[in-house]
Amino acid sequence: MKRNRWRGRRNHVQHNHRRLCNGQPYTVFHHRHSTERPEQRELQSLQNSGRGQAESSSASSHSCQSSSVPELPGFYYDPEKNRYFRLLPGHNNCNPLTKESIHQKEMERQRLKLLKEDEKIIKKTPRSGLNSSIILRKKQLGFYSSITYCRLIHELKVNCMQRRKLEIENLNSSLLLSGSNNFKLIVADTTSERIIAVNDTEREGCKYGIVNLRGLGKNSLTVETYDNPCFTNCKVNSVCWASLRHQDSHVLLCLMGAAENLGCASLLPASFFSSSNTAVERGMSWRFNISTAWSCAWCHNPQANNCFSTGLNQRIIVTNAVTGHHQTFNTNSDVLAQQFATQSPVLYNGCRSGEIFSIDVRQCNHKGQKWKAGQFFHDSAVTSVNLLKSEQYLMAADMLGQIKLWDLRKLKCVKEYSGHKNEHTILPLHINEEEGLLSAVGQDCYTRIWSLQDAHLLRTIPSPSPSSRDSIPSVVFSSQLGGARGVPGLLMAVRQDLYYFSYKTDDPYCLDIKDMECSTLHSD
């Protein structure tokens, strides 16, 4: 009799072990004389407590339930099923439950929730107790200057932006943005009339071309691409506009080397991307062979005319595009971000080690000579450096998600912008000083917009497409998309689509763009 009872208990234990290994809910069979393990009794009591909480507080949300239930190593608590599930090791497709899949599922659920909230007609104001009527009244009473008035109206307008999908037209049958080629990055020129778009191809290469935004307007959702894109089997690490013959006349690209092919910096005229250009215009291009380049920048100061810089592995090369003369500055780390000042020929660099320093390119590099100036450090690799127009402040971002504003006179951090997400990706910052806005796309594929003055987070925009490492959006913000008579808003490129976030005029919290009196900005 005792032997049969012992066999029954052993069969139940083996059955529970098989269910546990298969990822099924963990349950325990009770017997009058069973000798349960302490771990089993603890897990069963946790399940009972979780079930009691669900019955007593049915009106509470799932997130509150999951946070109140203790976490067990190796187990995942599902608030919908009110049970613990075992996490299985491995990353194969047969594994039904892993930490990565659980995290991805939760992120997608949160994205869909934010997308639904983002489509609401009336949104919350970015600052409590502040709307367009109050701002306009204080402007009329003299409490706000024209600059402050325009900045606050832009904050309201940004919070009211509405997403619309753009149609991409091309006169040539070989479309630049067709097929399964995802956007990698877009960069606008000085007047925001054109953008240079880089797309990843299926065969581990890139193709790049120019998109014309002049047709974009309130009643037009169409942009046109130049009909002569370029293809390469190399990856494009960085791109910027260059003013060789006139403003934004050329495009500077840094191509990564592959196998036996060296990397290079290519300087192409903007007319090169149009099939209507002449043979002379096609010949006005330069190619400089270099090793792997992480960043590039063009100098607009006349004292270093026609010069550009490339940030490489532990060195910087400054090259004159006309004469081909170059000088090299050796560094202790890879240079991931660069920008030239305009008032002086000074180059600011951000390194993988977290160091930020400046170089006066007029001086020659001699052995033993100190050429670094204005050194300060971030806690992680610097991914972006941006000078403000006064060139007394510099904005920098790193791979810990920190965005800091530095005073270059005191070499001191004066402001931090919280909320940015980044761990291992080179992501740019976008500063619009006249509008008083800072925007950046995080590694989590969310676009965040801050107030440049007080670092207040104004809006978080979820990606229209499911989040993944190869579909991080690239954005451009301008109050004049399409040129001098363009429209304000945000341009977002994600996967194979272009989206335009336009300022709404029918929102009760926002004024029409014509009431903003932004023409007084320049007079002030």
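This passage describes the confidence of a predicted model and then selected strands, helices, loops and residues.

Residues are numbered from 1 along each chain as its sequence is written. The model is predicted, so local features need pLDDT of at least 70, side-chain atom pairs count only at pLDDT 80 or more, and totals for chains, interfaces and linings use all residues, while side-chain values use heavy atoms, with hydrogens and water left out.

Confidence is given as pLDDT, the predictor's confidence in each residue, from 0 to 100. The protein has a mean pLDDT of 78, and 74% of its residues reach 70 or more. Secondary structure elements are DSSP runs numbered from the N terminus, with helices (H or I) of at least four residues and strands (E) of at least two. Over residues 173-178 the pLDDT stays under 50, and the model has 17 contacts for them beyond four places in sequence. The pLDDT is also below 50 over residues 507-524, a stretch with 45 contacts in the model beyond near neighbours in sequence.

Strand E1 (residues 75-78) pairs with strand E2 (residues 83-86) in the antiparallel sense over four bridges. Tyr77 has Tyr84 in E2 as its bridge partner. Four residues separate E1 and E2 in this hairpin, and Asn82 in the turn has a positive phi of about 55 degrees. The other hairpin is formed by E30 and E31, with five residues between them. Strand E30 (residues 474-481) and strand E31 (residues 487-494) run antiparallel and are joined by six bridges. Leu481 stands opposite Val487 in E31, and Gly482 in the turn has a positive phi of about 105 degrees. Burial is expressed as relative accessible area (buried under 20%, exposed over 50%, partly exposed in between; 1.4 Å probe, protein chains only). Six of the eight residues of E30 are buried, and the strand is mostly covered.

Helix H6 (residues 146-159) has 14 residues, which should span 20 Å at 1.5 Å a residue; the end C-alpha atoms are 20 Å apart, in agreement with this value. The expected span is 1.5 Å times one less than the number of residues. Because 12 of its 14 residues are buried, H6 is largely enclosed by the rest of the structure. The buried residues of H6 include Tyr149, Arg151, Glu155 and Lys157.

Thr125 lies in the loop between helix H4 (99-118) and helix H5 (132-140). Its relative accessibility is 23%, so Thr125 counts as partly exposed. Thr125 and Cys160 are 35 residues apart in sequence, and their C-alpha atoms are 8.6 Å apart in space.

Two residues were examined for polar contacts (pairs of N or O atoms within 3.5 Å; within protein, one must be able to donate a hydrogen and the other to accept it, and residues adjacent in sequence count only if both atoms are side-chain atoms). Asn320 is in strand E16 (residues 315-320) and is buried, with a relative accessible area of 17%. A polar atom of the Asn320 side chain lies 3.2 Å from the backbone nitrogen of Thr323. Beyond its neighbours within four places in sequence, Asn320 is in contact with Asn305, Asn306, Cys307 and His325. Gln443 is located in the loop between strand E27 (437-441) and strand E28 (447-451). Gln443 counts as buried because its relative accessibility is 17%. The side chains of Gln443 and His424 are joined by a polar contact of 3.0 Å. Apart from neighbours within four places in sequence, the contacts of Gln443 include Lys421, Leu427 and Ile472.

Positive phi values also occur in loop residues other than glycine. Asp248, in the loop between strand E10 (236-242) and strand E11 (250-255), has a positive phi of about 55 degrees. At 4% relative accessibility, Asp248 is classed as buried. Gln314, in the loop between strand E15 (307-312) and E16, has a positive phi near 60 degrees. Gln314 is classed as partly exposed at 45% relative accessibility.

Methods. Contact = heavy atoms within 4.5 Å. Pairing = 2+ DSSP bridges.
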